[in-house]
Amino acid sequence: MALFGVVEILLAIILFIAIHYWKLNINTPITKWPVMRMLPGLLYNISNIHDYINSKLKQNGGTFIFEGPWLTNMNIVFTSDPMNVQHITSTKFENYGKGNDFREIFEVLGDGIFRSDSHVWKYNRTLLHSIFKQESFQVFIQKTIEKKIYSYLLVFLDHACENGVQVDLQDVFQRLTFDNICCIVLGFDPVCLSIDLPEIACERAFTQAEDTLFYRHAKPRFLWKLQKWLQVGEEKKFIENQKILDEMLYSEIKSKRDIQNRNQQKPDLLNTLMKEVREGQNLIDDKFLRDTAINLLAAGRDTISSGLTWFFWLVATHPVVEAKILEEIKEKLSSKKDLGVEGLSKLVYLHGALCETLRLYPPVPFEHKSPLKHDVLPSGHKVKENTMIVYSLYSVGRVEEIWGEDCLEFKPERWISNKGGIIHVPSYKFIAFNAGPRSCLGKDISFIEMKMVAAAILMNYHVHVVEDHPIIPSVSVVLHMKHGLKVNIKKRSI
């Protein structure tokens, strides 16, 4: 009986302290708890993390400092202030790198372009930029995407129409873009998208790895590192998934080495890269190729599939927008197969609708940076060296001072000028493709692929979202839909 009395007293004390701290913080934007500080609020709202962070940023004028548990070094500066973003990505670019925290969390990316800084990053970017601007490589990309659309995507959707099969468009787009980017980077088609929707180990490994990477942000560093060392929980799955990806990548690299020796090369990125470096009389090792490949696979699969998924949900739920896109396609394209770059460039309203989608639902909802030296942000916040700074792309797209009081509305018209052209918005305000020297090299390619897929589907099918299907952002480093995008497909005549 005495033991129960002690337990009751302890519970009463804990409850008293909790109520006390709640009362102290009732009129403040973020509750600070003893020892755990702001972490309980973050964990409680983890399922709605992007809107939670957005609401706190609004309450704090666009920037706030998240205070993690004592002795964990989890203090993070969150911001959606466009002046801060410009300062970090452009004005003081040389002072802001990825930082130790980012490199530890995203170790799977190796020394590729998204994880590297300084001279390593510059070398990666210069090399890739020289390849991306080659006309022959651009033609190869367009032909690869077009072939995949007509030989696999439309065939799959025709099958779904004929059999009245409900489709998860998010899954379809992830399979499509993974096939595309594997063909473009590796010259290898895993054929994830086919009528029977096979389970492909490397494609599944990508998806599962993203979830672990997100949760590393919400856990104290020592905890996820301990799990990794013990190989338990999410970290055990992460190790298994990385092994699957590495086996696939190194296998393809070995195959390329063999083919290269026989002078039977495909025009994919890795072959082009190996040729470029060889002509420059430099050596290129397998790890460099592996790191380059996994960075580009991640970028080419997830960002485009996410953008397309949110686009089709928004268009399907905004019939006026859909009607305007169809009217433009009918007016500007001579036939259903006129999906070349010249034809796509005429689709201004479609471009505006894609920009509007990426503003509201950027595929990468937040970015990391860390100062090399002490600095003061334009907002007045002081940041010490190695401080983790996270700018929320999701929140920047919802800043009323940039986009107006109707910033939460889906309005492609906001991107179109009175003369009928696309309005240019500075990259630190429209941040979906990052800003400054680290802006996305694949921006133009991404728009081409999204336009080709969007036009091909809208010209041929009605897309109806399944009634009462929940649309919730997933908790991941990429802004997917938690429950996918379940739709019914019907043939269209245009």
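Predicted model: local features only at pLDDT ≥ 70, side-chain atom pairs only at ≥ 80, totals over all residues.
Tutor: One definition before we start: axes are lines fitted to C-alpha atoms, and angles run from 0 to 180 degrees between N-to-C directions.

Student: How many helices and strands does the chain have?

Tutor: There are 19 helices and ten strands. Of the 494 residues in the chain, 52% count as buried. Among contacts with a separation of 6 or more, 71% are between residues 24 or more positions apart.

Student: How do I read a sheet, and what is the strand order in the sheet of five strands?

Tutor: Strands of a sheet pair through backbone hydrogen bonds, and the pairing is either parallel or antiparallel. Here the five strands form an open sheet in the order β1-β2-β8-β5-β3, and the pairing is mixed. The edges are β1 (63-66) and β3 (96-97), each of which pairs on one side only.

Student: Which pairs in that sheet are parallel or antiparallel? Take β1 and β2 to begin with.

Tutor: β1 pairs with β2 (residues 76-79) in the antiparallel sense, over four bridges. Within that pair, isoleucine 65 has valine 77 of β2 as its bridge partner. β2 and β8 also have four bridges, but in the parallel sense. There, phenylalanine 78 stands opposite valine 390 in β8. On β5 and β8, four bridges join strands that run antiparallel, and glutamate 367 has tyrosine 391 of β8 as its bridge partner.

Student: Which way do the side chains of β8 point?

Tutor: In a regular strand the side chains alternate between the two faces of the sheet. In β8, Met388, Val390 and Ser392 point one way, while Ile389 and Tyr391 point the other way. Five of the five residues of β8 are buried, and the strand is mostly covered.

Student: Which helix lies across this sheet?

Tutor: Helix α4 (residues 82-91) does, lying across β1, β2, β3, β5 (366-371) and β8. The direction of α4 makes about 125 degrees with that of β8.

Student: What is the strand order in the sheet of three strands?

Tutor: The order is β4-β10-β9, the sheet is open, and the pairing is antiparallel. β4 (167-168) and β9 (461-465) are the edge strands, each pairing on one side only. β4 and β10 (residues 486-491) run antiparallel and are joined by two bridges. At that pairing, aspartate 168 is opposite lysine 486 in β10. Helix α7 (residues 135-163) packs on this sheet and touches β4, β9 and β10, with its direction at about 90 degrees to that of β10.

Student: Where two helices meet, what should I look for? Take α8 and α13.

Tutor: Start with the angle and the distance between the axes. Helix α8 (residues 169-186) and α13 pack at about 150 degrees, and their axes are 8 Å apart. Angles over 145 degrees count as roughly antiparallel, so α8 and α13 are roughly antiparallel to each other. The crossing of α8 past α13 is right-handed. The residues of the contact include Phe173, Phe178 and Ile181 of α8, and Leu297, Ile304 and Phe312 of α13. By class, this contact has 13 nonpolar, six polar and one charged residues.

Student: At what angle do α6 and α13 cross?

Tutor: The axes of α6 (residues 118-132) and α13 (residues 286-316) cross at roughly 65 degrees and come within 13 Å. That makes α6 roughly perpendicular to α13. This crossing is also right-handed. Tyr123, Asn124, Leu127, Leu128 and Phe132 of α6 meet Phe288, Thr292 and Leu296 of α13. Six of these contact residues are nonpolar, two are polar and none is charged.

Student: Which features of the backbone are worth a look in the loops? Take asparagine 386, and say where this residue lies.

Tutor: Asparagine 386 has a positive phi, near 70 degrees, and is a residue other than glycine. The residue lies in the loop between β7 (382-383) and β8 (388-392). At a relative accessible area of 44%, asparagine 386 is partly exposed.

Student: And where does aspartate 468 lie?

Tutor: Aspartate 468 is in the loop between β9 and β10. Aspartate 468 is not a glycine, yet phi is positive at about 65 degrees. The cut-off for exposed is over 50%, and aspartate 468, at 72% relative accessibility, therefore counts as exposed.

How values were computed:
Residues numbered from 1 in each chain as written. Heavy atoms only, no water. Parallel < 35°, antiparallel > 145°, perpendicular 65-115°, else oblique. Left-handed = near helix turned anticlockwise from the far one by under 90°. Contact = heavy atoms within 4.5 Å. Nonpolar A, V, L, I, M, F, W, Y, C, P; charged D, E, K, R; others polar. Pairing = 2+ DSSP bridges. Buried < 20%, exposed > 50% of the residue type's maximum accessible area, 1.4 Å probe, protein only.
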